[in-house]
Amino acid sequence: MRRYLAGRLLQAVSVILLVTTLTFVLVHLAPGDPFGEAFGRPNVPASVRAQWRADFGLDKPLPVQYVRWLANAARGELGFSFSHRRPVRAVLAEALPRTALLAGLSLLASFSLGIVVGVLQAERLGGARDRWLGRVLLFTYSLPDFWLALVVLILFAYRIPIFPVGGIVDPVLYDYLSPGARIADRLRHLVLPVVTLTLLSTAAIARYQRNALLEVLPSDWMRSAIAKGLDWRTAVRRHALRNALLPTITLAGLYLATLAAGAVFVEKVFSWPGMGLVTVNAIAARDYPLITAAVLVMSVLVVLGALLADVAASVADPRVRVG
Amino acid sequence: MLRARPASPHRRTGRAVFLFAALALSACKGSETAGGGSSDIGGTIVFSTPSDAQTMLPPLIVNVIDRTVTDLLYDRLADISDDMNTTGDKTFKPQLAERWDWSADSLSIAFHINPRAKWHDGQPVRAADVRYSVQLYKDPALGTSATPLIANIDSASVRDSLTAVVHFKRHTPTQFYDMVYQVLILPQHVLASTPVSQMKTADIGRKGIGSGRFRLAKWEPGQRIELVADTANYRGRPKLDRVIWSIAPDFNAAVTRFMSGEADVFDQLRPEQIARLAGDTARRIVRYPTFQYTYLWFNEANPAALGQPHPLLGDRAVRRALTMAVDRRAMLRNVFDTLGQMLYGPFPNTVDVADSTLAQIPYDTVKARALLDSAGWIPGTDGVRSKNGRRLEFAITTPNSSAARKQYVVLLQEAFKLVGAAVRIDEGDFATFSAKQNDHKFDAIMALYATDPDVSGFKQTWSTAGMAKDGANFGDYSNPKVDALLDSATTTFDPSRKKDYARRAFEMIIQDAAGIWLYAPPTIAGVHKRIRTAPMRADGYWAHLADWYIPAGERSARDRIGLRPTQ
């Protein structure tokens, strides 16, 4: 087990190093730089732009910049964000919990819903319920995320204005609300983005769960359970489901990365200043330190998610043993 | 539970509305509005904006929201008049300086600071702050984008605690403007402890302690910026209690925030949204002036070998023929319907030297073809002309973030095709677009600029000197006569002669077909009807925001929060 974990750790560090190195090089090779367009007017002298580049160390050769970044990153120093004019760590420290909250709630909702729908379909394989749920899932799965987000926004924040248009809290009232009302305000702002993300990811999870159930339903032990007098529904829910959870658990581990990566379009449409939005804006602004740091965090979470999925699978299924 | 859409966008459904009402009622008791003595005092305006600010330190601003907020937080020594006259000092209005005196040689001006002026932290504004501000702006270690605009300012000194003397290198028509418009006065006691070289990264850039009529209450990155009235301000408190910029990073989300009533103002409405407001009873549209203008800028230098003429567009006849191929009025109508404004040359229509009577290169495709024929460009089998084995084919570079410019490029491509010129559309993100522009690596570019009010801005863009590394003449246009005329325009003290010199320079640039003058972007804001706006200036519609107001009888519940501190 110890050797296995050490091997996985080495593998993880290599992956993270490779991903961040590639990111660092690619973003620096992309045309434009943080101070090329930042001033938005033509009469900013090239010397001023050059000075800004020098102030942030961008005048140094790329390998020098990389070594410097790597040394700083090893010490936990992620640099200074050009576009936010704040330390990268401060920017990520705000964005990461927001995305984790949004993605965490939607993952919880979509996995709960996805597993339930998968079971409901498997209980009536080939029946009307299975067919109709399958069609609905296919429909939601095929929806582009930005389109669905905009439709939900326009429908429930503009046409029928029962939820706020976006943001985390009410920009005018929040500071004047009581503690209880503040929580309610935060929850109201969470509803539309969480619902959108849940709708988008439930279909895949339900599909996985249904297919996993299809594989275990013909098993001998299911036949035995039915022969011993269990009704079909109980047999599916009590026995088949646990055995069919393995692929879904693996999927959950992979989805963990979205806790850090965020859902770019959903965050953008609902003005949710999380990791996805921060990263995309950083790319547009050529904010090299922020892009690289965001990718670093995301790759750590991806690797961690895969590891956790393996561990969770071994817990869920005694036949699977890590190491 | 779904409910019918409320008549007023300021009504809300759900539990929050009750909290809201209770809150507003209790707030009224403590609000300064009640005792303000004027029915115009009070209210909150929420702006919906797709971008966040980066800094609250004026010399280091980079975007419009930075400028909007810092203009409101900080004061100048004097303010430009609404007609944006930059010559002399006659039309300028006192701000931090209650008066000023010129030295006998006109190379220095003594500014007398209003003794009642205070920083938002309660400290008095002193002459030393003026000296510090000038030093900071001029410090090469700071690297302000205003560097070329304050080149004529030499230094500042302190005569006494309330008198600052600003020294200039030369006596020019715009030296007063250079100082009072470009240099916002900053608090020495707040900033001086931070080394200049660290200003870009120091937290001090987020404090926003100025002397303006609004003070910074809160800045939550990516969410909102809140300014509140400085009730003890020496220029009088603003009529509004509070101004909030609610940040929605997606353009459509920002529009929806306005349309749904969560925000009161959105300043970047597009034609399709304006149509939706036609029957709106709660909102209206307000057109505001701008110094922005858009044109197709030809690169007269070879992007592959700068210093050499462009193989196609270095030829004046080709540029003129391409200009003749474009029906600018029809394009304007096509893209903006009735909302767009024509340009008449390399200037926005709002500058004081603008002239709509200048002779234009006419739209005439027959003449365009004839001109290209006579220049030796012969149509090929595919309709594209060529000369000495080189096809009349070039790229137009445009940012993919601008819908209007993308539409225009397609229309230009079609227009040029009709006279035998092929166009490749080079579309990229804004950073890529800017890099190509700054490096002069383009054939033709869809340029959109906001110029400074003074004619000196045109000198940087159109003079031969502007072709240098630090210049802004990215199209490498060069005409010695234009150089001379722009020099004269920037040095004469006679406004009518300045206009005449500028007019003649513009006419030459037009006839040289340095670019195709396309449009002034329609700058239209959506504003809630309860809000009464003040006159809007072309350099920033927010210039008189402190005079915007909401009549007492039309205020919504959130307007009545007043200046009550947060819980």
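This is a predicted model: local features need pLDDT of at least 70, side-chain atom pairs count only at pLDDT 80 or more; totals for chains, interfaces and linings use all residues.
**The mixed sheet of chain B**

- The open sheet has 6 strands in chain B, in the order S16-S23-S13-S22-S20-S21, and its pairing is mixed.
- Its edges are formed by strand S16 (341-342) and strand S21 (422-428) of chain B; each has a single partner strand, so one side of each is left without a neighbour in the sheet.
- Strand S13 (residues 292-298) and strand S23 (residues 515-520) of chain B run antiparallel and are joined by 4 bridges.
- Within S23(B), B:Ile516 is the bridge partner of B:Leu296.
- Strands of a sheet pair through backbone hydrogen bonds, in either a parallel or an antiparallel manner.

**The antiparallel sheet of chain B**

- Chain B also has an open sheet of 3 strands, ordered S17-S18-S19, in which the pairing is antiparallel.
- Strand S17 (378-379) and strand S19 (390-391) of chain B are the edge strands, and each pairs on one side only.
- Strand S18 (residues 385-387) of chain B is connected to S19(B) by 2 bridges, with the two strands antiparallel.
- B:Lys387 has B:Arg390 as its bridge partner in S19(B).

**Chain A overall**

- Chain A contains 14 helices and 2 strands.
- Along the principal axes, the C-alpha atoms of chain A fill a box of roughly 85 × 55 × 40 Å.
- Of the 323 residues in chain A, 42% are buried.
- Among contacts in chain A with a separation of 6 or more, 74% involve residues 24 or more positions apart.

**Helix packing around H4 of chain A**

- Helix H4 (residues 88-123) of chain A packs with helix H7 (residues 179-216) of chain A at an angle of about 40°, and their axes are 6 Å apart.
- The crossing of H4(A) with H7(A) is right-handed.
- The contact of H4(A) with H7(A) comprises 17 nonpolar, 9 polar and 1 charged residues.
- H4(A) also meets helix H5 (residues 128-141) of chain A, where the axes come within 7 Å and cross at roughly 140°.
- The crossing of H4(A) and H5(A) is left-handed.
- H4(A) contributes A:Val117, A:Leu120 and A:Gln121 to this contact, while H5(A) contributes A:Arg129, A:Asp130, A:Leu133 and A:Gly134.
- By class, the residues in the contact of H4(A) with H5(A) are 3 nonpolar, 2 polar and 2 charged.

**The contact between chains A and B**

- Chain A gives 57 residues to the contact and chain B gives 61 residues.
- The residues on the side of chain B that touches chain A comprise 23 nonpolar, 25 polar and 13 charged.

Key: Residues are numbered from 1 along each chain as its sequence is written. Chains are lettered from A and ligands numbered from 1 in the order in which they are written. Two residues are in contact if their C-beta atoms, placed from the backbone, lie within 7 Å. Ala, Val, Leu, Ile, Met, Phe, Trp, Tyr, Cys and Pro count as nonpolar, Asp, Glu, Lys and Arg as charged, and the others, Gly among them, as polar. A residue is buried if 20 or more other C-beta atoms lie within 10 Å of its own, exposed if 12 or fewer, and partly exposed in between; C-beta atoms are placed from the backbone. Two strands pair if DSSP finds at least two bridges between them. Axes are lines fitted to C-alpha atoms, for helices over the stretch in contact, and angles run from 0 to 180 degrees between N-to-C directions. A crossing is left-handed if the near helix is turned anticlockwise from the far one by less than a right angle, and right-handed if clockwise.
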